[in-house]
Each structure stands twice: as structure tokens, then as C-alpha cells.
Amino acid sequence: MDIVGRAEHFQNRSNMDTRKLKLGLLLDSFDVPAWVHSIIQRITNENSGEFALVIINDDTAKPKRKDQSASIYSILNLIDERLFTKQPDPFALKDVESLLANIPIIKALPVKNNNISSLSESDTIKIREYQLDILIQFGFQGLQLENLNAAKYGTWFYYHGDDRIMKNGPPGFWEVVENWPETGSALLSSGGIFSANRVLYRSHFLTYPLSPARHRSYYFWAAASFLPRQIRLLHHLGKERFFHETEKFNTALLRDIKIYETPSNLLAAASFAKITFRLVKEIIQRFFYTGQWFLLFSFKQDVSGNFGEFIRLQPSKDRFWADPHVVQTDDRYFIFIEEFLQAKNKGHISVIELDESENWKAPIKVLETDYHLSNPFIFKWNDKFFMVPESRANKTIDLYECVEFPYQWIFKQHLMENISAVDTTLVNYSEKWWLFTAIAENAAAAPNVELFLFSSDDLFSGKWSAHPRNPIISDVKSARPAGSLFVEDGKLFRPSQDCSKAYGYGFDLNEIEVLSETEYCEKKIISIRPNWDRKIEATHTFANCGNLTVIDAFTRTSKY
């Protein structure tokens, strides 16, 4: 079963006899961007909604977008797209007509009055005759939606940007130019029984600082999941509970909204010059320096202590050490790590032995495969040690059993297959196994943004039930796991990464307040950022066992 199948497994228990939501599509043509094609395809493959009507824009004189004009911005943007768009291209046109076969079509001509575009009363009446639950806008840009009221739950549409702080502007462009640490994206509704411009879903992604085109490639693919998820959630919960569930996204504005526009020729040249300077600086930096993760440990300090006093374990320049997980046996500690060799461009799992006198032994390799391994999550169950290393390169979540601690491990089974997951952690809590993992549902999206939760009564059954709130967290600042869950003073804590400024920029410790088969809630307790040493740029894993605390940190070292 693929991730989409697992994610909708929960709804089949209660909605087998519930009618699907009736959906309508606003399109300019059947040739749509690839990311839109993937949304329509996913909806048709799921059991929550069905397309009942397609409205095609009959305006043959549809104006080109501003960025398609012969301006400096359009020329530089085209160069950026040709050089840096990550494949698959989210904006490559794909024909969606075969997915919508035998569905009624209405051709509608927008009526324009004082630069305001709206549908004619006759076209609106035709649409209302189909008694749609949701009208989805992937065309008719600039159409006035507030008074359309052509569907029960309004017209749903994407807003690419953080709607609380910015309006307009080319998607993903100004966030890169101004080097924002994160970029927002939202799904909104207008009209219907809810309210005008109600936010139905919101998330934030890392801003890729070296190319607006590459940046859009990442976050458009990630945002593609919003629409089918919320359709499924509305179908499962019903309108009252869905309204309550989405209320958290309708918070007050963060600050005064800034209006952005497509840049003028002069501003476009200056903006791309700024990005190019940043790119050249990065190339030069990579030529002379190499990035390296290393370890810091202490038997005296807790996580709120002074990390400047931690003892440093520094690997040689040809490798790095990261993702520490600690096991204590008697008076010895074993730090399991990802050991990444630059020459192989691939990681394996090694272990460092450490005693309370702070004496340590060089790492010994304990697990290697043909593909990259990292993040060796270690746990003990029924007097046996098990490991779940990150094996995203194999599209699996794998379980290994230790046959001779700490050096000999054998493959036991796949926990999940056909999945793009990172930094999986498990915990046995309240007589149930819980599996936390960061997943990119679309292959071209980064896996740093969304945390998924699964549960099982039996670790070895291979049967994991998806949590109905998946993803339980969708935010680049707090989704990705940063180490093992742990219990302290009867409370359960989850370490999480902040990947907003860079991959693994910092980590938080979060208290899990509610963990059940239907609900999940956590709150941030402690935040750690790399501010104790100006040469350290990131820290993204926390491990604590007995008296020992271990973290990792990232710095740049000279190649020469």
C-alpha cells in the first residue's frame, strides 16, 4: 500500500456508505501544470470526492501573465528556469482531459467591469444547477470569488506565499530576493457556508536562496497535497468538525501586509544581481571549504546548559559524524552515528565507545549497505536491541536486530516499503507502538516539512495504521525528528528539527500533550540554536542517556 493509500485508510472505517463530495473545476484549458495534474489525478484515485463539472474559460483573448512579457524580469526568470528548475518540472503542461472523461463541461466567458472579472448570471445559474459541494479554481485568474457562491463549501484556491504578511508578486520570488528563512503557502476558500477567504490549510517551507525557479520546484510539489487532504478531511469529519479543525489556520495577521508586484526592469536586474552574488559566494565557499558535521558531548550539562563547555569529537577532513543515538550498558556508553565518507559520497552506521572518564575509541563500522544510511535510531525491546536507520535511498523503513552488541546487526524486516521517509523514530507508549517519520508525499518535494504518525499493536506485524490527522505537523520549523522520544517526569518529549534557515539549523524539545489514535498535540518547551559559537552553523540531533548528553553540529573547514 502506498503512502496515499495508508493515509486514507482511516476514513474507510466510517465513511464507506457516505456519498462523495461533488467537485467542480475552473480551468483555462485541459492543459494544466504538472503539479495541478497530480492533484486532479490523486483526487480521482481517492474515495472522498468526485468531479461533477468542468468550467472552461471561453475567453480566447486571455492576457498573458506579466512575467511572460518581454521584460528584464521575464528574460532573467526564463534563464533561471532553464538552469535551475528541479525535475520533474511542476509547471510543464500535461493534458488532464483523460482524467475528466464523461464529465459535463460548461464554457464560461468572464465579464469585466472596471478591471473586475466575474461570471455572468446565466453561467453562475448553470453551475449552481449541479449542486456542487466544492468549486476548485485552477484557472480564471483574477475572478471575483466573494459573491460567486456556486458551491456549498465555496470556491477553493491556492495562495502561494504567506497570506498573513504579503500580497501579490510572483510566487516564491521575493522570498528568495529578500532571503526569507521560510516561504508560506495556503489553501483558501471563498464564499459558501464558511466565510470569505477562509484559510483551510497552511504550511511553511525552506526558502531555497540561490534560485527562485529551484525554490518554486520544491514548494509547489509539496503544496500539491493540501487540496486532496482537505477534501478527504471534510468528507471524513463533516462541516462542523472540519470548521473547528481549520480554525487554527485563521489567526490574526503577523504584521502589516506588504504589497508586492512583478519587479520593474531596474528592480529585476538588481534582484537577480543580488541572487547571483549569493550564488557566486556559495560556489567560492564550496571550492575552498567543505561542510562537516561533528559531535559534542558532556556528562555534566543538560540541554539547557552551555554547549561551549561540551567536549568536541572532530572527525578527519575526509568524513563527517552526525545523527548521534546513545545506548548505555553498565558504565560504558555507545554513540551510534552516521559516518559519511566524502570519497564514497555515502554514509554508513558506526559506533563510538565512550566511558565516564571521557575516554573514547575511534568509530567502528557496524552496518553498511549499497545505499546511503544515516540516523541510526536504536531501541531495546524484550531484552534485544533494534535499529531503524534512515534508508530513504532504498524507499523503505527497515528494522535491524542486534545479534552481538554493539557490532553485529542483521536485517529483520521492512516496516514500510515504497515510501520516501527520513529520520524515523518509534516509541512504545500506552501499550501501542507509535512510528514518527518525516515524509515527502511527492518525490520532488523535500522531506523536511511534514511529520506523519502511524501506530501498531505489534512491532513485527507489518501493519501500521495512519493517524487521521496526518500529517500531524506541516511546518519546516518543527516537523522533522531530531532524535529519540524520551520520558521525563512522566511526560513524553519529542525532539524536532528547525530546517527553516538551512537544513538542520536547530532543534527543539516538545512535550507531547495528547497522543492517541485520533488526536495529537505537542508544545515547544526548549529551543536550541547554534548561537554559542560563531563558527557553528547548525545543530540538528539531540541524544541523552544516563548522564551523557550528545548533540551534533555543523561547521565549514578549509579544504587546503
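Colleague: With which side chain does the side chain of D133 make a polar contact?

Modeller: A polar contact is a pair of N or O atoms within 3.5 Å, where, within protein, one must be able to donate a hydrogen and the other to accept it, and residues adjacent in sequence count only if both atoms are side-chain atoms. Here the partner of the D133 side chain is the side chain of R19, at 2.9 Å. This is a predicted model, in which local features need pLDDT of at least 70 and side-chain atom pairs count only at pLDDT 80 or more, while totals for chains, interfaces and linings use all residues. Residues are numbered from 1 along each chain as its sequence is written, and side-chain values use heavy atoms, with hydrogens and water left out.

Colleague: Where is D133 placed, and is D133 buried or exposed?

Modeller: D133 sits in the loop that runs between α4 (121–128) and β8 (134–137), where helices (H or I, at least four residues) and strands (E, at least two) are DSSP runs numbered from the N terminus. D133 is buried, with a relative accessible area of 2%; buried means under 20%, exposed over 50% and partly exposed in between (1.4 Å probe, protein chains only). Leaving aside residues up to four places away in sequence, D133 touches R19, K20, L21 and K22, and also A151, K152, Y153 and G154, a contact being heavy atoms within 4.5 Å.

Colleague: How much confidence does the predictor place in the chain, and over which residues does pLDDT stay under 50?

Modeller: The protein chain averages a pLDDT (the predictor's confidence in each residue, from 0 to 100) of 92, and 93% of the residues score at least 70. Over residues 1–17, by contrast, pLDDT stays under 50, and for that stretch the model has 31 contacts beyond four places in sequence.

Colleague: Which order do the strands of the open sheet of four follow?

Modeller: Two strands pair if DSSP finds at least two bridges between them, and in this sheet the order is β15-β14-β34-β33, with antiparallel pairing. Because β15 (311–313) and β33 (542–545) stand at the edges with a single partner strand each, one side of each is left without a neighbour in the sheet. Four bridges join β33 to its antiparallel neighbour β34 (residues 548–558), and F542 stands opposite I551 in β34.

Colleague: Which backbone values deserve a careful reading?

Modeller: Most residues other than glycine have a negative phi, and most peptide bonds are trans. The bond from Q87 to P88 is cis, with omega near 0°, and P88 lies in the loop between α3 (72–84) and β4 (93–95). Also cis is the bond from N470 to P471, with omega near -10°, P471 being in the loop between β27 (465–466) and β28 (473–474). N345, a residue other than glycine, has a positive phi near 55°; N345 lies in the loop between β17 (332–341) and β18 (346–355) and is exposed, with a relative accessible area of 60%. N382, although not a glycine, has a positive phi of about 50°; N382 lies in the loop between β20 (374–381) and β21 (384–391) and is exposed at 58% relative accessible area.
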